[in-house]
Amino acid sequence: MTLLIATDITVNAGADCLVDPVSITLPMGQAVTVLGESGSGKSLLAQAILGTLPKGLVASGQLRVGLDAFDPSQPQGNRALWGRRIAVLPQEPWLALDPLMRGLEQVAEVHDLVAADTNPQARARSDLATLGLEHAERRFPWQLSGGMAQRLAFAAARAGGAAITVADEPTKGLDADRRDAVLALLRHGLQAGGLLTITHDLALAAGLGGEILVMQGGTVVERGPAAQILGAPEHPYTRVLIASDPGRWPRRAPAPKGPALLEAKGLTVARAGVPLFRPVDFSLSRGQILGVSGPSGCGKSSLGDALLGLMPHQGSLLRGPEVPKLGFQKLWQDPPAAFPARITLGTGLNDLILRHAIDRSRIAPLLNRLKLSADLLDRLPSAVSGGELQRIALLRALLLDPVLLFADEPTSRLDPVTQKETIALMTAIAAEHEMAIVIVSHDTSLLHASSDRVITLTPA
Amino acid sequence: MNTVLRALSFRLIQAGGVALVVGVMSFLMMQAMPGDMAYRIAAARYGYDLVSADLADAVRAELRLEAGPFAQFLRWMGDLAQLDMGRSLVSGQPVWQEIAHQLGASLQLAAAAMGLSMLIGPPLGIFAGLHPGGWFDRVLLVVAAGFRAVPQFLLGLVLIVVLAVQLRLLPAAGHGSLAHFVLPALTLALGLAAASARIARDAMAAVAASPHYAFARAKGLTEAQILRRHGLRNIAAPLVTYLGLQFVMLAEGVVVVETIFGWPGIGHALIHAVFHRDVPMVQGTALVMGLGFVLLNAVVDLIVRHIDPREVQA
Amino acid sequence: MTASRLGWGLLVALICFALLAPLGDPLGPFRQSLTKALSGAEAAAPFGYDHLGRSMFSRLAHALRLSLLLAFAATATAAAIGIAFGALASWRAGWIDRALSLLADSMLALPALLMVLMMGVILSSTPLAFWAGLAAVQWIEFFRLTRSAARSHLASPAAVAATLQGFGPIWIFRRILWPEIGPMLRTTIAFGVANSIAAIAALGFVSVGMRAPTPELGLMMVELLPSWREAPFALLQPVLACFTLLLALNLIAGARK
Amino acid sequence: MRRSLALLLLSAALTPGVALGDTAALDVAAPFEIKSPDPVLSGDIFLKMDVMETLVNADANGGLLPGLSDVWTVSDNKLVWRFNIRQGVQFHDGSVLTADAAAMALNWSRTKEGILVRAPISGITAEAEEVVITLTEPFAALPAFLAEYRTGILAPAAYAADGSVTAVIGTGAFKVTRLEPPMTLEAGRFDAYWGGPAKIPAVRYTSVTRAETRALMAESGDAELVVNLDPASVTRLQAVEGLTVQAVSMPRVLLLKMNTGSPFFDTVAERQALSLAIDRAGLAQAVLRYPAAASQMFPPALGGWHDAALPPLVYDIEAAKAAFAASGWLPGVDGILEQDGQRFEVELLTYPDRPELPLTAAVLEQFFREVGIAVTINSTNSSEIPAKHAAGTLQLALLARNFGLVPDPVGTLMQDYAPTGDWGAMGWDNTEFTATVRKMAAEGGSDADKGALAATLHAEMPILPIAWYQQTAAISNTVKGIVIDPYERTFGLKSAEFAE
């Protein structure tokens with residue numbers, strides 16, 4: 001049985017065509033996954049089908065859900081689908097739940113108002129029980145863990161009885177464990193319906209199976225069964241995309257061990273007197289890269305702050321004698337947050353040059369080395385892409401001749417291809433400048449591919 | 001529960017701070033008081049026609065003004081510590097009684113105005129906030145700015161002339177019957193509604209643009225259901241906080257309306273007390289208004305905490 | 001944005017009138033000729049005469065000068081104090097923060113009217129009392145705004161990065177904090193000035209503000225109010241001036257990004 | 001204060017002070033605020049509302065009439081006065097007015113800076129049906145003093161042990177049913193009133209400070225009687241159907257007080273020159289809006305004191321300049337008069353309680369600048385005038401003075417001009433004048449005496465009269481019998497009635 005047929009869906013902004021004609025067929029019990037990077041048009045495609053395109057964008061094509069036809073260019077008509085025929089999973093479930101409504105009610109109201117069930121409370125209770133959410137009935141969303149919120153949102157989205165589930169980037173910013181949980185959840189939904197997933201996450205796509213469409217620049221460059229696309233990609237872009245999976249990165253050649261820069265013994269960080277993670281031992285010399293992994297909230301960032309001297313630590317931490325005053329620098333997870341938001345990047349760099357009497361002629365070669373165009377410096381941080389901004393942050397740090405760079409999830413907000421380029425550049429620069437890097441990531445394969453040594457923090 | 005206790009203890013500390021500030025201000029006032037305080041009080045008591053040097057001397061002796069400002073200040077503060085606000089220097093009535101009557105009248109008027117404004121402002125604001133940038137939103141912005149810019153006495157006069165003098169629907173001024181409430185309350189309410197409409201509009205626009213509002217749509221609820229179940233409760237917290245603040249601003253803004261409509265009130269009392277250098281009255285009024293503010297805020301805190309149990313950042 | 005531009009246009013027009021009108025004015029705000037009381041416009045007095053035969057044109061210009069000057073001075077003072085204290089409280093934290101916050105919270109509890117009236121007793125000069133009283137009321141808003149903005153921005157990665165790069169607090173204030181709170185301050189200042197002007201006029205109207213014969217908007221209204229049926233245009237002038245001024249400021253403050 | 005603040009706020013908010021308006025009541029709106037139930041503070045309102053009465057009454061010309069005392073006598077040595085108390089008078093609480101009760105009320109008034117402290121009284125006692133007042137020296141104005149509101153008679157039950165007044169229990173035609181200072185007084189007909197019950201069932205007094213509001217209340221029919229209209233409203237209300245506007249000349253005078261001890265005003269010539277610089281007619285028309293320019297000290301309302309034969313005060317700016325020049329005041333380079341290097345710069349003190357005063361001051365400032373006098377206006381609290389008078393630092397003051405506080409102006413004259421007083425002459429001492437006033441106070445005086453005093457003031461000008469006041473009121477045509485009394489003692493409520 002075919003749940004949904006979308007034929008020749010396009011998205012236009014005025015005369016610009018943002019998505020070239022795409023057709024999708026979603027059979028019962030099957031997953032269709034649209035794979036691509038930001039700007040590839042994959043989200044617009046989903047929005048065109050749902051009828052949620054932003055103002056100014058117009059869709060065209062034909063849409064058939066079950067036996068009923070809908071016109072994507074008249075999105076008001078699509079509203080009847082929401083909840084009843086198509087369940088939309090929110091991107092960040094903890095934000096999508098009403099913060100002032102208790103868990104059970106968020107699900108029960110859909111049974112009541114959308115599905116017109118006679119006993120909505122009981123139905124909702126059994127939904128929650130199925131997902132192991134008995135404890136969430138009386139709780140507010142902000143009292144739930146991320147995973148619980150995700151399951152609650154899943155239950156609420158599907159309570160209207162929709163057979164089709166649309167999930168837009170359901171694993172954005174999740175670590176491997178959580179990603180697996182989401183995968184299980186989506187597969188659970190697959191038992192009684194169809195699933196359309198929009199993602200850049202190769203592991204998720206592999207796990208869901210079914211059909212995969214690879215999009216680049218608004219065009220589907222390759223489509224086919226999951227095993228075929230992931231196993232034997234044909235289009236060059238698909239190959240680049242698949243090669244950007246950290247699991248497929250080449251292993252780094254170990255750096256020579258020099259004099260120690262940092263020597264940690266029994267090191268931990270305490271908050272309100274309670275240690276965050278079990279004490280760790282490591283030593284680090286110039287040119288080396290240390291990977292740090294661990295579950296979320298175990299104090300990875302705090303460890304970095306302790307290394308940088310921004311936070312007190314417990315245990316012993318010895319710094320090399322020759323470390324200059326501004327020798328320890330940091331890269332942040334969210335690149336725009338690391339720059340003053342209201343001044344241009346050039347102004348900030350100029351202030352830095354004046355402050356420390358840095359030779360201005362060093363900037364041009366560095367821009368070149370980091371593959372950055374000089375006119376980016378005239379822009380505000382918000383007008384520069386995340387990958388470029390992270391490289392400018394690297395440039396900013398390099399101007400101060402650091403001996404250690406603490407990189408806190410430096411690529412978790414970047415697309416896979418950009419992530420690969422950025423990490424490669426960082427490691428190369430570390431070798432050139434004899435700089436040590438401490439890199440924090442939730443992605444262990446990334447760490448293993450790019451570090452000399454990986455330590456894993458375990459909660460105390 | 002302990003967050004409630006923490007909030008209440010914060011309000012208690014604030015109450016202490018209020019008493020302290022009032023005390024210091026009163027002391028400064030006493031210090032700044034020119035030497036002819038006795039004359040001023042005599043003028044207030046007996047009328048300007050009757051003030052004479054003899055009367056001033058009698059007042060000075062009666063109130064022990066010779067002791068100097070510092071001694072008086074200590075005396076007043078001492079009384080206050082025993083919860084005695086003393087007597088008005090002018091009328092001789094207990095400050096307590098005078099405040100109770102006048103504040104009561106102000107509060108009645110303020111409550112009526114608030115009630116009326118809440119029927120006008122928030123509904124308009126919510127409607128505009130549901131369609132931000134639409135024609136209604138833009139018209140409301142200008143109309144609200146206009147109403148906030150109209151001097152209240154002018155609005156009051158226009159209302160009197162139209163509704164009382166021309167149409168003879170309502171009494172022009174005075175105090176005592178329900179009908180007397182309508183015009184002054186309406187005068188105040190129009191300005192208040194202009195302000196609360198904006199707050200409601202901004203809160204509604206923010207909530208309507210939030211991911212959870214979009215998710216409610218995705219769940220299949222209709223717009224009316226979403227507004228009722230996910231909109232109103234979420235805008236209630238900022239709105240209630242603002243209305244609490246507005247109530248206090250109202251208590252002082254009411255003074256102009258009070259004089260126009262011949263309404264007894266705290267603003268009126270305060271102006272007289274300050275003008276006549278009736279220090280216990282000024283002190284008592286300031287203290288009661290300040291503590292009233294603290295109390296009101298404590299109540300607002302509790303209501304907001306009930307609506308939105310998330311830990312509010314101080 | 002058009003509402004905001006309209007607001008700026010009105011404000012600039014009023015300021016120009018207030019500054020320029022007295023330059024070419026032969027009569028001045030005090031010269032009276034009783035025989036011309038409430039009579040209409042003529043070359044020497046383009047807006048007619050008030051109940052004492054004084055030039056409305058001249059009085060209006062001087063009243064606007066006074067209101068604008070007092071309101072801007074009070075708000076500027078309040079902003080300076082509030083921002084300085086707010087930055088100090090969030091920078092130094094600890095007991096300084098707690099003491100300043102308690103002071104602000106306590107003063108916030110006192111109604112503005114009370115503050116201005118009490119200042120009127122402590123300071124003998126009325127304009128000075130307005131300035132001090134309104135500043136004493138308004139600094140709290142700037143303090144709270146700066147403090148909360150500073151608290152979030154001082155903990156932001158950008159501020160930490162600046163510290164790691166060897167920048168001091170002044171750079172952080174100038175490059176990170178100020179550009180963030182600046183736009184918010186525009187709104188707060190516009191509201192502050194509007195509220196000050198309204199307060200000055202309201203107190204003038206209840207006869208506890210500026211004293212006759214000083215030209216002041218509220219006082220002019222109350223003086224001309226008795227003749228509102230004989231000479232509605234005379235009364236309308238200060239009313240319109242006040243309304244336009246407040247409307248301009250409200251439009252500026254209320255403009256949305 | 002034992003209850004908590006929270007309780008206060010709640011109870012104040014919930015007090016049902018809300019009752020539907022009683023249309024059967026006659027509404028009076030006036031600017032005066034009720035301060036307390038004590039006649040010494042607010043007796044004027046109780047007297048006018050016919051709630052409280054005095055031993056002696058006065059007619060519209062200031063002539064004395066029997067009040068709660070039907071007849072009074074004075075001993076041959078003029079030191080013992082006997083006031084016979086009217087029989088059959090009841091207080092509102094049902095108790096009977098006795099000489100004891102009256103004496104008690106007067107004695108309490110005496111302890112409270114009432115007017116009686118100004119009379120040379122040695123004792124007030126009750127003997128049978130008479131209140132006996134003994135004096136230390138003869139004092140003819142005593143009955144007039146007993147007509148003043150501060151000597152109003154309340155029942156013994158109205159006084160607490162310390163003499164403070166807790167309730168208004170008078171003998172008037174209306175009995176207080178609600179008293180809420182500072183705004184409201186409501187009173188219902190007192191059926192046991194000795195003069196026969198009033199025709200109107202109830203009266204209500206509302207204090208409304210803004211003149212514009214009062215005028216609107218008259219126009220909208222809210223209040224049947226509105227007193228103290230502002231000048232601009234008078235013209236308008238005259239055109240309103242269903243209203244009658246009454247204006248009555250009253251014994252209140254707008255005065256310019258000068259320090260005759262200062263070098264600016266120490267000669268009669270200088271004071272006359274200053275008087276010539278004032279355009280009284282123009283000022284009265286612009287500020288007061290009625291033709292009330294003072295041509296001499298006493299207005300026509302003060303029969304016997306006003307002398308139509310006196311040459312009226314005139315406005316002549318050139319004569320004023322010439323007179324100043326003759327006195328040695330010559331214009332300096334900037335036009336300001338100078339004498340021996342001293343510039344003619346003075347401070348003019350006034351107060352805003354009466355809105356016309358600062359305005360008048362502004363007008364005077366312009367008049368005086370014309371002749372070369374630089375005036376700085378200081379509009380401040382009224383009490384600054386007696387305070388600066390006492391300190392000797394006063395230069396010029398603008399004030400409004402009522403000669404009818406006591407129906408006999410001699411009381412005011414004694415306070416203000418025999419020889420000086422807080423609200424009268426400053427640094428002026430005319431022994432003959434003083435002697436005459438004192439004699440009149442003790443023994444009473446003839447019209448010739450009064451005329452002589454008025455002539456002296458007119459000639460020596462210790463103070464400059466500017467304008468005479470008028471009492472204005474708007475009366476609804478639905479009521480009959482309202483009286484506008486120049487002495488502000490009554491509205492005539494007890495005999496008024498609704499038309500139809």
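**Confidence, domains and a contact**

Tutor: Within chain B, helix 8 of chain B (residues 179-208) has the highest confidence, at 89, while helix 4 of chain B (residues 69-81) has the lowest, at a mean of 74. Those values are pLDDT, the predictor's confidence in each residue, from 0 to 100. Helices (H or I, at least four residues) and strands (E, at least two) are DSSP runs, numbered from the N terminus. For chain B, the mean pLDDT is 81, with 94% of its residues at 70 or more.

This is a predicted model, where local features need pLDDT of at least 70 and side-chain atom pairs count only at 80 or more, while totals for chains, interfaces and linings use all residues. Residues are numbered from 1 along each chain as its sequence is written, and chains are lettered from A and ligands numbered from 1 in the order in which they are written.

Now to chain D and its contact with chain C. Two residues are in contact if their C-beta atoms, placed from the backbone, lie within 7 Å. Chain D gives 17 residues to this contact and chain C gives 14. On the side of chain D that touches chain C, helix 10 of chain D provides the largest share, five residues. That side of chain D has 10 nonpolar residues (Ala, Val, Leu, Ile, Met, Phe, Trp, Tyr, Cys and Pro), three charged (Asp, Glu, Lys and Arg) and four polar (the others, Gly among them).

Chain D also splits into domain 1 (31-193) and domain 2 (250-469), with bounds from an automatic or database domain assignment. Their C-alpha centres lie 34 Å apart. Domain 1 of chain D brings 14 residues to their contact, and domain 2 of chain D brings 12.
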